[in-house]
Amino acid sequence: EVQLVESGGGLVQAGGSLRLSCVASGFTFDDYVIGWFRQVPGKEREGVSCIRGSDGSTYYGPFMKDRFTISSDNAKDTVFLQMNSLKPEDTAVYYCALKWGAVTTTDTAAYDYWGQGTQVTVSS
């Protein structure tokens, strides 16, 4: 069974940085994409970025690439999201998710498995 576990969230002041981690387990194929998403209560879940397991190709949602960087450590089955110059509007629950196949997308509907999320709070 595929499992995704996020960590690294917390409270940070505006302008600070956080690195989120997503540990994936329960599968052996490399034909997958892992993405990061975020959600504020009352709003739709928003795609941040994703990375392809087979070759590390990345894709970013609109306006995400300037401050966020996605990376992976395949040896540890972990995907990271480095977030810099954080703003109060980045406050959200951040989720990682996995989809089968090679297409990189931040469309939430394309993803098959989701983690429980980690809270990120940016104070002003």
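Predicted model: local features only at pLDDT ≥ 70, side-chain atom pairs only at ≥ 80, totals over all residues.

Biologist: Which residues form a salt bridge with Asp90, and how far apart are the closest N and O atoms?

Modeller: One partner is Arg38, whose closest approach to Asp90 between N and O atoms is 2.9 Å. Because Arg38 belongs to strand E4 while Asp90 sits in the loop between E8 and E9, this pair ties together parts of the chain that are 52 residues apart in sequence. Another partner is Arg67, for which the closest N and O atoms are 2.7 Å from each other. Here the arginine lies in the loop between strand E6 (58–60) and E7, and Asp90 in the loop between E8 and E9, so the parts tied together are 23 residues apart in sequence. Through shared partners, the salt bridges join Arg38, Glu46, Arg67 and Asp90 into one network.

Biologist: How many salt bridges does a search of the whole structure find?

Modeller: The search finds 4. One of them pairs Arg52 with Asp55, with 3.0 Å between the closest N and O atoms; Asp55 is partly exposed, as its relative accessible area is 46%.

Biologist: How should I read the nonpolar cores, and which residues have the most contacts inside the largest one?

Modeller: The general idea is that nonpolar side chains tend to be buried together in soluble globular proteins. In this model the largest nonpolar core has 27 residues, and those with the most contacts inside it are Ile34, Trp36, Phe68, Leu81, Met83 and Tyr94. Among the elements that give two or more residues to this core are strand E3 (18–25), strand E4 (32–39), strand E7 (68–73) and strand E9 (92–100). A second, separate core has 5 residues, including Val33, Phe37, Ala97 and Tyr111.

Biologist: What is Ile34 in contact with, leaving aside its neighbours within four places in sequence?

Modeller: The contacts of Ile34 include Cys22, Ala24, Cys50, Ile70, Val79, Cys96 and Leu98. Not counting residues up to four places away in sequence, Thr78 touches Ser21, Cys22, Val23, Ser71, Ser72 and Asp73.

Biologist: Turning to the rings, how many aromatic pairs are there, and why is the pair of Phe27 and Trp100 called edge-to-face?

Modeller: The count comes to 8 aromatic pairs. For Phe27 and Trp100 the ring centres are 5.7 Å apart and the planes stand at 80 degrees, so the pair is edge-to-face, given that planes over 60 degrees apart are classed in that way. This pair links distant parts of the chain, for Phe27 is in the loop between E3 and E4 and Trp100 in strand E9, 73 residues apart. Trp100 is partly exposed, at 33% relative accessible area, and one aromatic cluster is formed by Phe27, Phe29, Tyr32, Trp100 and Tyr113.

Biologist: Over which rings does Arg45 lie?

Modeller: The charged end of Arg45 sits over the ring of Tyr95, 3.8 Å from its centre; Arg45 also lies over the face of Trp114, where the distance to the ring centre is 4.7 Å.

Biologist: Finally, where are Phe63 and Ser85 found, and what is the phi value of each?

Modeller: Phe63 is placed in the loop between E6 and E7, and its phi is near 70 degrees, a positive value in a residue other than glycine. Phe63 is exposed, with a relative accessible area of 77%. Ser85 is found in the loop between E8 and E9, with a positive phi of about 50 degrees although it is not a glycine; at 40% relative accessibility, Ser85 counts as partly exposed.

Methods
Residues numbered from 1 in each chain as written. Heavy atoms only, no water. Contact = heavy atoms within 4.5 Å. Core = buried A, V, L, I, M, F, W, Y, C linked by side-chain atoms within 4.5 Å. Buried < 20%, exposed > 50% of the residue type's maximum accessible area, 1.4 Å probe, protein only. Helix = DSSP H or I, 4+ residues; strand = E, 2+ residues; numbered from the N terminus. Salt bridge = Lys/Arg side-chain N within 4 Å of Asp/Glu carboxyl O. Phe/Tyr/Trp six-rings, centres within 6.5 Å; stacked < 30°, edge-to-face > 60°. Lys NZ or Arg CZ within 6 Å of the ring centre and 35° of its normal.
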